[in-house]
Amino acid sequence: MAPETGTAPGLERLPVLLPLPLFKPYDYLGPPGLQPGDFVAVPIGGRVSPGVVWTQGGPAERIDGKKLKLVLRRFEAPPLTAETLRFVEWFAHYNMSPVGAVLRLVMRSGDVLEPPAGVLGYRATGMAPARLTPQRAAVLAEATGCPVPAASLIQRSGVSHVVLKGLEQAGALEAVRLDPDPPYAAPDPLRASKELSPAQHESAQSLRRAVREGRGGAILLDGVTGSGKTEVYLEAVAEALSRDPAAQVLILLPEIALTLPFLSRVSERFGAEPAAWHSGIGSAGRRRVWRRVAEGNARLVVGARSALFLPFRKLSLIVVDEEHDGAYKQEDGVIYQARDMAVARAALDKFPVILASATPSLESVVNVDQGRYGYERLPARFGRAQLPHVALIDMRRDGPAAGRWLSPILVEGVNETLARGEQALLFINRRGYAPLTICRRCGHRMKAPHSDTLLVEHRFEQKLVCHHTGFSMPKPVACPACRAPGALAACGPGVERVAEEAAGLWPQARLTTLSSDTAPSASSMRSVLDAMHAGEIDILVATQLVAKGHHFPGLTLVGVVDADLGLAGGDLRAAERTYQLMSQVAGRAGRAEKPGRALIQTYDPGAAVMQALASGDREAFLAAEASSRRALQFPPFGRLVAVILRSRNERVLHETAAAHKAAAPPADGIDVWGPAPAPFYRIRGEARLRFLVRARRDINVQAFVDAWLRRTKLPGSVRRAVDVDPYSFH
Ligand code: ADP
């Protein structure tokens, strides 16, 4: 029998979870007094790793007491709370991921655990030096009041380090150690907000009440674009912050919506900068946010989906803005849906979560209908702004000549708009020039190497690019298959090609293209959006970068070049996503005084989604979507889990898949479909097959999948991923 305590006196056996793809903590020996949630350093496989003293889950790997290794030390970082540990456990179980991999999302790289080395700074003492040169005077002027980092003193006053040293010796400057992670100023929830309209006020009061009463559960805040949802949910944020001085609030946004204007709007409301968490903040910025959140100093966090894993001390409210957005689904590594996990976290800790959208997901709407979520609706745009008029253009009847993409009706619409001195947006959700390059002689299609993905021509960069693998190459002069020179032809439109056509049609207009290729950084994107806002652009040709959250007062016409684009591919949510994206884009028009309209080009004007867009009858569309999903028992009426197998060795892959199929135990209310090849079967030399498990809603599908996969063997050359509630599969 292994003893319960270690052989060394005074040491205790402790489960420690490491941020590695492990399903359980390991046992170590540690000094008494270590608590669950403490960050510790432990030896593992000949190196030292940070980990967390764990309590949750089943028993840790039992190892004979004599063989147990020692905990080396405890980190200074504040321990994870019991709520965070519970969330990590729940999350790992639900998403069928190794709990250690989920902990890694919380711990990041681990470099956040060490207190940062201080930065050298200087402060003027108030004592004048005997010799006051202009250089010295400049330094003292900069360093009066708050201490300033030495590096910025040198930069700002244009002096060398010797001057600072001289002033220090003369007693005029005092050296200080500065914290490189300055604390966040406290948000002031009592600051005056904008005066709310009666409808906004009513919704705000009801959200405030939910926060005050500490009601757990989700509330859907459903309001058309421009109705003031942000103003309204910021009231709930104010309530949470003012009720409890330790409370922390998280506002989640899709990465793309995390722009400076949004952050300044939040800063303005609370008179203090929120902690911003997104891919652009760099490692120093991440450490600052992580540490300040862990200490409880950062009380208001605005972040992308991974902000859900910050080590909050007392999370009390989450807002998920644009809750319908597909960007909340993390598809690589640990796979999860951040909105759903936010709802789960709120339910576990019993605080409210607000889901805001102009085009809510079917999941949320059904949850409201079935009484699981609360509901607040803002029916109208704020002020005098009107929703745009939406019309469909039937491309079968009214389409343009071959090789062109803008129909005469849309061209006329742009003409009228420009004649009135207003702005037009041409929207096409496809990067590059053309989605397909094909040889006119032999029919060869240009694909990425060892992949079934098509190469997209980017004429701007003069390259062929694969959007799935990242592969790129110069466009060849001759067809690589039949060697015919000059036979490679571009097929179909991308944003660059539409811009080319528009430039030809309206040579006098000020025209700009916006896509992640033409504006690769946040600042280049910002400058285009600012120019559009200022009326310095007549025609903006853009991808979905432009779809969200921006106000362009002079924009009165939105032309959707290819509304059918998102409908191909047979994805369960394709129609819903198209509806959402088209509404969001159309919603850019007429946001101010002038009325706006949207012209939508489609080859399938009879489709339910197009009819719903034209009539603005969202309820009818959602009802039709809901009934078709109910008939198929698809989410939210049933459960889906995907099991994906990948390998470079196709024979082994198919044998493994067949063995998986045979091992699936029969179960009532559960179907195992597949294996089916991925639409792009091969990517970077790896072939991929997928099983889809569909289960009745009341069934614990994770338990079934777990039992099934335990009965299978996975050869070393095959990799397996589980995707609970899958969205896309490329
Ligand atoms: P949504 O989030 O629903 O799209 P916003 O909250 O962004 O709407 O509001 C749209 C625009 O209207 C913003 O510019 C916002 O500042 C303005 N606005 C909304 N409500 C008010 C109000 N009560 N007073 C003044 N401006 C408002």
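How far from an oxygen atom of the ligand does a polar side-chain atom of Lys194 lie? I read 3.4 Å for Lys194, which I list as a polar contact (a pair of N or O atoms within 3.5 Å).

Notes on the model: it is predicted, with local features needing pLDDT of at least 70 and side-chain atom pairs pLDDT 80 or more, while totals for chains, interfaces and linings use all residues. Residues are numbered from 1 along each chain as its sequence is written, and side-chain values use heavy atoms, without hydrogens and water.

Shell. I found 15 residues around the ligand, the closest being Glu195, Gly226, Lys229, Thr230 and Arg265; a residue is near if one of its heavy atoms lies within 4 Å. By class, the shell has 3 nonpolar, 7 polar and 5 charged residues, with Gly counted as polar. Helix H7 (residues 229–243) gives the most to this shell, 3 residues; helices are DSSP runs (H or I) of at least four residues, and strands (E) of at least two.

Sheet. I then checked an open sheet of 3 strands, ordered S21-S22-S23 with antiparallel pairing; pairing needs at least two DSSP bridges between two strands. Strand S22 (residues 463–465) pairs with S23 over 3 bridges, and Lys463 has Pro474 in S23 as its bridge partner.

Conventions. Polar contact = N/O pair within 3.5 Å; in protein donor to acceptor, adjacent residues only side chain to side chain.
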